[in-house]
Structures are given as structure tokens and as C-alpha cells.
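Student: Could you take me slowly through one part of this model, starting from a single side chain and what lies around it?

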Amino acid sequence: MEQTQGKKMDLDKLLRDNIRQLQPYSSARDEFKGEASVYLDANENPYNAPFNRYPDPLQWEVKEQISKVKNIPVGNIFLGNGSDEPIDLLFRAFCEPRLDNVVAIEPTYGMYKVCAAINDVEYRKVLLDDNFQFSADEMLSATNLYTKIIWLCSPNNPTGNSLNRTEIVRLLNGFEGIVVLDEAYIDFASESSFSEFLSQYPNLVILQTFSKAWGSAAIRLGMAFASTGIINVLNKIKYPYNINILTQKQALKAIQHADQVKEWVESLLIERTVLINALQKLPFIQHIYPTDANFVLVKVTNPNEIYQYLVSKSIIVRNRNTVTLCLGCLRITVGTPDENRILINELVSFHL
């Protein structure tokens with residue numbers, strides 16, 4: 001895949017006028033760096049330490065540790081309340097309601113469309129092909145002068161496959177707005193993250209998360225990697241203390257056990273193969289789509305019936321039968337060996 005220098009982007013031109021002129025809220029913790037012996041600035045209760053103090057609004061300690069793991073400078077990292085927060089912030093920063101639009105692949109993660117609706121921004125869908133791949137030319141053809149953001153998810157949800165890297169590069173080179181690449185499942189993929197190309201593409205925003213490979217969905221911590229200009233915009237408009245102290249402490253604890261995460265990923269990749277092999281033996285399985293994620297999209301003869309049967313057995317998968325291009329499909333997350341065995345046993349019983 002040939003890498004080139006990304007297209008020049010005018011960040012000020014992309015920003016909404018009110019965001020460009022916004023004077024952000026500033027706390028004393030923003031203005032003061034380091035540790036003090038006495039804090040009398042924020043009207044906090046002096047008792048019940050450490051929970052009486054507001055958390056670091058820019059999460060510097062967590063970012064410094066993430067920087068070491070991801071090999072990304074601290075200034076290029078934004079932390080959000082899940083990935084959904086930076087998704088929403090990007091709409092709020094760059095998309096003027098009832099005027100601007102965004103373009104996204106279809107099918108993909110549903111929150112892009114939901115956030116577009118919440119922010120009253122036109123959402124333009126471009127269908128993937130039969131192999132769940134996209135064409136940069138088709139995406140660019142769907143844009144106009146009011147298109148501010150293009151949304152990609154790779155590996156994609158719910159299809160599971162990685163998007164063609166050459167087409168991603170073509171899109172980055174051909175679009176003057178922002179290209180968001182959601183890499184929530186990148187740890188399970190055979191290809192590496194696009195984060196190594198951040199310096200080449202000032203219009204690239206990469207989303208990652210602690211929810212999947214890191215096994216920390218409960219702490220709600222998402223990451224956005226981008227140019228310092230874009231990161232500064234997100235910090236400008238986020239709520240002051242968006243990441244609570246419990247989440248920050250748990251994230252630091254998780255990062256200290258990064259080797260455990262690698263072991264989990266290796267185990268899940270093995271189990272993914274085991275699960276696929278077992279599913280292939282079932283007569284009602286019509287097709288198992290290639291996957292680079294910790295789930296498999298499976299086409300079956302009777303999705304609604306199988307889904308309801310599994311629910312009756314207290315097994316929950318995701319029915320994607322009504323999703324565009326996913327007719328007849330169930331999405332199954334890779335579980336532990338015991339969980340996968342229980343699933344397969346029940347599917348065998350369903351057939352019998």
C-alpha cells in the first residue's frame with residue numbers, strides 16, 4: 001500500500017462559527033499544573049479524600065501511560081466517556097445543524113447515525129459491496145461542499161471485516177474534510193492500526209476503546225487520536241471533568257497489565273477459530289463471513305427462530321436480520337471456551 005502525504009486541511013474553515021469563537025470553561029485545575037498542598041479553589045468538601053476532589057480534567061497521567069502503549073504523543077490523544085463522546089463531539093464541533101452533512105458506509109456502527117440525528121445533521125449512507133468493502137470514489141461522489149466528516153469503521157461492525165487499506169488512503173488523500181476511522185476492534189485484526197500514519201494525514205481521526213480487547217467496557221473509556229489541532233477542539237468543547245477518578249484509576253491499573261490483554265486477545269483468536277469450525281458443521285448455517293473482530297457474522301436459514309430459541313435458553317446473541325445487507329444474519333460474540341461450548345450445544349439441540 002503506497003503512502004502519500006495527506007491533503008491539506010483548513011481546520012478553521014471546517015469548524016462551526018460558534019465553536020471557533022467559543023471561550024471554553026476553565027477551572028483552576030486547568031490553570032494550575034502540578035500538585036499543591038492546599039486546594040481551596042473549587043468549593044470541594046475537604047473531607048473524604050480522594051473522592052472529594054475533582055479529577056484531572058485532561059487526564060494527563062492516563063494519557064502518558066496510553067502514549068507509551070500506543071506510541072502516540074500525549075498531545076494527539078483525547079479521552080472520552082466511551083467512544084460515543086468523541087463521536088458526538090465531532091458532530092458538535094464541525095457540523096452545522098440543518099446545513100452540513102456527513103457520509104458513512106452502510107452497514108456500520110449505529111451511533112454515527114444516531115448522533116447525526118441528535119445533532120440534526122444529514123446522514124448520507126453509501127452501501128458496501130457484496131464483500132462488505134467500500135469504494136473511495138463512491139464515498140467521494142456522495143459528498144458535496146457541505147460534507148464535513150466521513151465515517152469508516154475497520155474492522156467494521158456488524159460485518160467483522162477490515163476495510164481495504166488502499167481505499168482508506170485514497171479517501172484520506174481525496175477528501176478535504178475529516179475522515180474518522182473507528183478501530184474499536186483493531187486488536188483482533190491481522191493488520192496494524194492506522195495510527196502510525198497520523199502525522200501524514202491531518203484530517204484523520206482514529207477511535208479506539210478500552211471496551212473490547214482491554215476487557216473494560218464497564219469503565220466507559222474511549223480514545224481519539226488526531227492532530228493537535230483537532231484534539232484541542234475536542235478539549236475545548238468537552239464537559240470539564242468528563243472522565244471520573246474511578247475510571248482514570250482503573251484505566252491506569254489496566255495499562256499496568258497490558259501483557260494480560262495480549263493473552264486475552266490470543267485466547268479469543270484461538271476460540272474464534274474453534275467457534276467458526278463448530279458453526280460450520282451445523283446444517284442451518286448458510287455462510288460465515290470473514291472476520292477480523294471478536295465476533296462473527298453468520299447467515300442462517302431462520303434467524304428470528306434461532307434467536308428466540310437462544311433467548312429462551314438464556315443465551316443472548318445479536319439479531320442483525322433487519323440490518324442492510326445482513327438479511328438472515330446473527331452476530332455472535334466470541335466468548336470463553338465454556339460459553340462457546342454452551343452455545344454450540346444449544347444450537348445442536350435446536351437442530352435436533
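Tutor: In this predicted model, the side chain of arginine 16 reaches the backbone oxygen of arginine 92 at 2.9 Å. Arginine 16 itself is found in the loop between helix H1, residues 11–14, and helix H2, residues 17–21. Its relative accessible area is 15%, and because buried means under 20%, arginine 16 counts as buried. Leaving aside neighbours within four places in sequence, arginine 16 is in contact with Phe91, Arg92, Ala93, Phe94, Cys95, Glu96 and Pro97.

From there we can turn to the nonpolar cores. In the largest nonpolar core, which has 54 residues, the members that touch the most other members are Ile66, Phe134, Met139, Leu152, Phe194 and Phe210. A second, separate core has 34 residues, and Phe91, which is in contact with arginine 16, is included in this second core together with Val180, Ile231 and Val233. In soluble globular proteins, nonpolar side chains tend to be buried together.

Phenylalanine 210 touches, among others beyond four places away in sequence, Ile66, Leu221, Met223, Ala251, Ala254 and Ile255. Some of these names return where two helices meet: Glu61, Val62, Gln65, Ile66 and Val69 in H4 meet Gln248, Ala251, Leu252 and Ile255 in H10. Helix H4, residues 60–70, and helix H10, residues 245–256, pack with their axes 10 Å apart and at an angle of about 25°. Since angles under 35 degrees count as roughly parallel, H4 is roughly parallel to H10, and H4 passes H10 in a left-handed crossing.

Technical notes:
Residues numbered from 1 in each chain as written. Predicted model: local features only at pLDDT ≥ 70, side-chain atom pairs only at ≥ 80, totals over all residues. Heavy atoms only, no water. Helix = DSSP H or I, 4+ residues; strand = E, 2+ residues; numbered from the N terminus. Buried < 20%, exposed > 50% of the residue type's maximum accessible area, 1.4 Å probe, protein only. Polar contact = N/O pair within 3.5 Å; in protein donor to acceptor, adjacent residues only side chain to side chain. Contact = heavy atoms within 4.5 Å. Core = buried A, V, L, I, M, F, W, Y, C linked by side-chain atoms within 4.5 Å. Axes fitted to C-alpha atoms, helices over the stretch in contact; angles between N-to-C directions. Parallel < 35°, antiparallel > 145°, perpendicular 65-115°, else oblique. Left-handed = near helix turned anticlockwise from the far one by under 90°.
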